[in-house]
Amino acid sequence: MQALSTESYKGVRDFYPDQMRIQNYLLDTMHRVVRRFGYMQYDASLLEDADLYRAKSGSELVNEQTYTFTDRGGREVTLRPEMTPTLARMIAGQRKTLSMPARWYSIPNCFRYEKPQRGRLREFWQLNVDMFGSESLYADAETITIAYSLLIEYGAKPEMFLIKINNRKIMRELLQNICNLDVDAEYGVSKLIDRKHKISEQEFNNQLKSLCNDFAVEQIQNFLKVQKIDELNENLRGALGVDELIQVFKTLDSIGITNYIFDPTLMRGLDYYTGVVFEVFDSGNENNRSLFGGGRYDYLVDMFGCESVTATGFGMSDIVVQKFLETYDLVPDIQSSLDLVICTLDVDSIDFAMNMAQNLRNNGITTLVDFSEKKLGAKIGSANDNGARYLICIGSNEVASGMVTVKHLSMRTETEISTDLLGDFFEKRSLST
RNA sequence: GUGAUCAUCGUCUAACGGUUAAGACAGCGGUUUGUGGUACCGCUAAUUCGGGUUCGAUUCCCGGUGGUCACCCCA
């Protein structure tokens with residue numbers, strides 16, 4: 001019989017303890033920062049009815065880029081490729097009873113059937129932060145502030161990343177009302193602008209000319225050259241989207257966030273965005289890559305047949321954050337931690353040690369009993385490697401006398417104490433060190 | 001999905017169309033039978049899989065698998 005492979009399934013990761021500590025750090029930081037803004041956690045199953053994604057994005061996506069299968073009852077099931085449709089479903093389901101605005105977050109694992117690459121795997125964890133039921137632009141500003149705060153909390157400096165901001169409404173005003181494009185042409189131009197940085201100037205202009213007339217081409221080219229919001233030409237200055245952005249920028253300024261720019265070329269791929277959109281970029285010279293982003297999507301809940309609920313939010317994947325932190329050497333060296341390791345010196349002392357350890361654990365002290373038959377020196381070494389703060393050896397002397405020697409491993413000090421008093425000893429110590 | 005590129009002990013590296021595939025780290029054991037990781041010695045452990053060329057393939061060729069890069073897509 002052929003041996004089974006020890007490799008994990010294609011495109012997913014095993015989290016050995018060393019990686020799990022990092023993963024926990026990444027996710028714990030997300031929880032901490034987002035809760036600090038008053039957001040409440042929700043979650044759902046990773047299984048969803050495949051129709052949920054068909055409704056939103058067309059069947060091609062569902063069939064080719066998701067894990068979709070038929071269950072024993074003949075239902076089409078999809079492993080969630082993202083959280084937003086699930087969230088919209090949950091919001092719609094409780095539409096009448098939720099108090100708005102609702103500030104919700106989640107860190108689901110999501111699955112995409114794609115060819116894996118670095119930073120892009122088939123399973124990933126994605127922080128989702130969303131606010132429902134507020135059409136205020138302060139909601140958009142708050143969302144961007146959370147995104148900013150997360151990276152700062154991870155240890156990033158503002159100059160390490162750049163927040164690009166745009167408003168879909170400006171583009172819609174330009175393409176629909178000023179250039180008078182039909183729906184197809186508008187869609188084509190949008191996709192083209194999204195790809196602008198990937199193709200040459202020449203190529204871009206050629207494709208643009210094939211999509212719309214000379215007047216529109218000139219308008220669009222002029223618009224895309226704009227560097228600052230107040231440089232927008234007369235036609236657009238009065239547009240609703242411009243005023244909205246000015247207000248969001250004012251709020252960001254008042255908070256002290258300076259590493260943002262207005263970027264007229266920023267589209268974000270998603271069709272469901274309706275207003276302010278933003279995307280955070282690594283500002284390092286080598287990889288100017290997109291880290292994550294989000295924006296306003298006011299009509300997504302409509303597909304559940306209920307009253308519209310305004311919404312704004314963003315998503316951020318664990319993998320992208322980790323790669324970003326690695327390039328700036330910001331991944332902390334996290335040690336596992338143990339309050340105490342008890343080393344047994346002979347087999348007859350193990351029961352005594354086990355009993356002692358259990359009493360300490362009942363007092364909330366993290367205690368490991370090393371009952372292996374290794375040399376004592378090796379046991380002390382591995383206690384150190386495991387991040388233990390204190391060490392106690394138990395042999396026949398200790399069992400007979402009830403007195404133990406507590407070693408503080410890093411300070412190399414020893415304290416002799418009765419086993420009865422150990423609970424108090426650690427309770428006092430854990431408060432101080 | 002398309003194209004490119006890579007694949008050697010658990011990890012990082014070395015070597016070669018030909019005798020037993022080398023080293024370091026890690027792990028385990030010993031020198032040391034109740035107290036600090038050291039030092040010294042030893043042990044464990046690999047050519048991704050399948051096919052082809054060849055007297056002989058880990059090496060060359062083809063294919064699979066997996067990683068990486070670009071495209072596609074990026075929710």
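**Close-up views of paired strands**

**View 1. Strands β15 and β16 lie side by side.** Welcome to a predicted model. Here, strand β15 (residues 388-394) and strand β16 (residues 403-408) run antiparallel and are joined by three bridges. Two strands count as paired if DSSP finds at least two bridges between them. Strands are DSSP runs (E, at least two residues), numbered from the N terminus. Look for Ile-392, whose bridge partner in β16 is Val-406.

**View 2. β16 also pairs with β17.** Six bridges link β16 to strand β17 (residues 413-418), again in the antiparallel sense. Find His-408 and you will see its bridge partner in β17, Thr-413. In the hairpin of these two strands, which has four residues between the strands, Arg-412 takes a positive phi near 60°.

**View 3. An open sheet is built from three strands.** The order is β2-β4-β3, and the pairing is antiparallel. β2 (47-49) and β3 (68-70) each have a single partner strand and stand at the edges, so one side of each is left without a neighbour in the sheet. From one strand to the next, the twist averages 35°; axes are lines fitted to C-alpha atoms, and angles run from 0 to 180 degrees between N-to-C directions.

**View 4. β2 meets β4.** Strand β4 (residues 76-79) runs antiparallel to β2, and three bridges join them. Here Glu-48 stands opposite Thr-78 in β4.

**Notes for all views.** Residues are numbered from 1 along each chain as its sequence is written, while chains are lettered from A and ligands numbered from 1 in the order in which they are written. In this predicted model, local features need pLDDT of at least 70 and side-chain atom pairs count only at pLDDT 80 or more, whereas totals for chains, interfaces and linings use all residues.
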